[in-house]
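Biologist: Before we go through the features, show me the model. Then tell me how to read it.

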Amino acid sequence: MPYKPKSRSGRPRVTDIRSDRQIQRMASSQKMSVREITGASRLKISNNTIHRRIIESGYMIHAKMACRLPLSKLHISKRLQWDRNHMSYGYKRMAVLFSDEEMEARWT
């Protein structure tokens, strides 16, 4: 009797290998969000399924985009000016206690 692997237990996958590759291709070649991929693919699957298939591919890196605008030239110059004004603390600067658990500096 030839060896036959056991069938998978649990709920069967909604997508097959071909649709998984289509999802991965859409995510890597075009700058599309998960919702856009869900709408573009003619499959009746959820956004979470699309997201899982992208993660399962292993070679794609996805990250949440920053949801703030970049600093303007004026803000950059003001920050640099503030830093220059506060660099002259001297020995007091060495007495600052930085704690990882509390996000504050204490002057001694």
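Modeller: This is a predicted model, in which local features need pLDDT of at least 70, side-chain atom pairs count only at pLDDT 80 or more, and totals for chains, interfaces and linings use all residues. Residues are numbered from 1 along each chain as its sequence is written, and side-chain values use heavy atoms, with hydrogens and water left out. The pLDDT is the predictor's confidence in each residue, from 0 to 100. Here the chain has a mean pLDDT of 78, with 75% of its residues at 70 or more.

Biologist: Where in the chain is confidence lowest, and where is it highest?

Modeller: Helices (H or I, at least four residues) and strands (E, at least two) are DSSP runs, numbered from the N terminus. Strand S2 (residues 105-106) has the lowest confidence, at a mean of 50, and helix H3 (residues 47-57) the highest, at 88. Along the sequence the pattern is α-α-α-α-α-β-β.

Biologist: How many residues does the chain have, and what percentage count as buried?

Modeller: Buried means under 20% relative accessible area, exposed over 50%, and partly exposed in between (1.4 Å probe, protein chains only). Of the 108 residues of the chain, 17% are buried by that rule.

Biologist: How many salt bridges does the structure hold?

Modeller: Side chains of opposite charge can pair when their charged atoms come close. The criterion is a side-chain nitrogen of Lys or Arg within 4 Å of a carboxyl oxygen of Asp or Glu. The structure has four such salt bridges. In one of them, Arg13 meets Glu56 at 3.2 Å, N to O. That pair links distant parts of the chain, 43 residues apart: Arg13 is in the segment before helix H1 (17-29), and Glu56 is in helix H3.

Biologist: Which residue pairs with Asp20 in a salt bridge?

Modeller: Arg53 does, at 3.3 Å, N to O. Asp20 in helix H1 and Arg53 in helix H3 are 33 residues apart. Both Asp20 and Arg53 are buried, with Arg53 at a relative accessible area of 6%. Arg53 also forms a salt bridge with Glu56, the closest N and O atoms being 3.6 Å apart.

Biologist: Is Thr38 buried or exposed?

Modeller: Thr38 is buried, at 14% relative accessible area. Thr38 belongs to helix H2 (residues 34-40). Contact means heavy atoms within 4.5 Å. Neighbours within four places in sequence aside, Thr38 is in contact with Ile45, Ser46, Asn47 and Ile50.
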